Amino acid sequence: MNRKQNIQDKDSFFQAGRNLLEKVHKAEFVDSEDVLLSWKEVENRLESKRSKRLQIRYAFSAVAASAVILLAVGIGWWQSGREEPTLSLSLLDQDVPVLPVDEVILFASNDRMQLKDESSVKYGKDGEPELDGQVVKKFTEHKKEEGANEINQIVVPKGRKADITFSDGTKIYVNAGSRVIYPVLFKEDRREIVVEGEVYLDVKKDPSRPFIVKTKDFEVKVLGTQFNICAYKEDAVSSVVLVEGKVEVETMNNKKSVLSPNQLILIDDGDSNIKDVDVFEYICWKDNIMLLNDRTAGDVFERLSRHYGRRIVCDGRIKNIPVSGKLDLREKPEDVVNILCQSLYLTYSLDENEDIIISKK
């Protein structure tokens, strides 16, 4: 092979190498200046006026160096091509710091803020949070130091409620005794949150990014719709109620079900059952109303205890009494309990701890 052909082959080799590295750079965000400098050094070595033996040695070194570079970048490319870690349910196992008072708590990394009952938290498109219309300054400052896409958590104890507007415009109402874990900014290909307790969601439609809600028993996947989730860790049965649109529910045993509006799915240890319901009964809690359609007294008193943050104890003989009607949860707990007791021919009293004790007359 003549000298002209050698030069052409060498130029072709380096051009191909540069083209490949440029493509890899676009996928991996490798510093192009460093990569091109490395290639320039190899070129200089090959083009230096040295003996043929040295040229062959450097040519071999160039090939080896390029192989190492491509291997390193290729491994990074493969790793970056793998799906990024998603929000894990293991986050629910982490202990939540307890404050002296039983109030709503908003956590952001090492920061925490005590919120009033029925507070509203709203995240802008840049991830900056506002609390009841006011910018949360210390969270904003922390975000600037640590990075915008951090994980936040809101903990709503019994007797309290709150609502959040996420950075994509989705709004979530969080019922008493619930937790929600979520990113300040959602990923470009999906929106994910983790829920324990009861929430009502009005999801902003975005066909390019499905909205996924994870609980201990199931996942709900939607594009844009309104639905209610009830998944308290102390309850044996969890549920999803669809108000409008369409959702896909996948249980932990990989069984998938698609709900239509006005349908309820009950999930019990992986088994599921779908039925038609009056959805207002399941979502009216966010309007401080409890609608009862042939519920049991035990279930009703348990829900009242969670809503008010007051311990309510009733006799075992009372728990299975059927109850129907409507309760205004804006009233005092004693007044609501008194209404129930009068209609069910029961009586109540308060003990030394202000616990409500229900018994038969």
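Trainee: What span should the 12 residues of helix H6 have, and how far apart are its end C-alpha atoms?

Mentor: Bearing in mind that this is a predicted model, the 12 residues of H6, residues 297–308, should span 16 Å at 1.5 Å a residue, and the end C-alpha atoms are 16 Å apart, which agrees.

Trainee: Is H6 largely enclosed or open, and why?

Mentor: H6 is largely enclosed by the rest of the structure, because 9 of its 12 residues are buried. Among those buried residues are Val300, Phe301 and Leu304, but also Arg306 and His307.

Trainee: What covers them?

Mentor: The cover over the buried residues of H6 includes helix H7 (333–344) together with strands E19 (289–296), E20 (312–314), E21 (322–328), E22 (346–350) and E23 (356–360).

Trainee: And which residue follows H6?

Mentor: Gly309 comes after H6, and its phi is positive, near 70°.

Trainee: Switching topic, how many residues are in the largest nonpolar core?

Mentor: That core has 41 residues, and those with the most contacts inside it are Ile154, Val180, Ile193, Val220 and Phe227. Strand E10, residues 191–202, gives the most to this core, with 4 residues. A second, separate core of 21 residues includes Leu292, Leu304, Cys341 and Leu346, and Leu304 is also one of the buried residues of H6.

Trainee: What does Phe227 touch, beyond its neighbours within four places in sequence?

Mentor: Its contacts include Tyr200, Leu201, Val213, Val220, Val240, Leu242 and Val247.

Trainee: And the whole protein: how many helices and strands, and what share is buried?

Mentor: The secondary structure comes to 7 helices and 23 strands, and buried residues make up 42% of the 361 residues.

Definitions and conventions
Residues numbered from 1 in each chain as written. Predicted model: local features only at pLDDT ≥ 70, side-chain atom pairs only at ≥ 80, totals over all residues. Heavy atoms only, no water. Core = buried A, V, L, I, M, F, W, Y, C linked by side-chain atoms within 4.5 Å. Buried < 20%, exposed > 50% of the residue type's maximum accessible area, 1.4 Å probe, protein only. Helix = DSSP H or I, 4+ residues; strand = E, 2+ residues; numbered from the N terminus. Contact = heavy atoms within 4.5 Å. Expected span 1.5 Å × (residues − 1).
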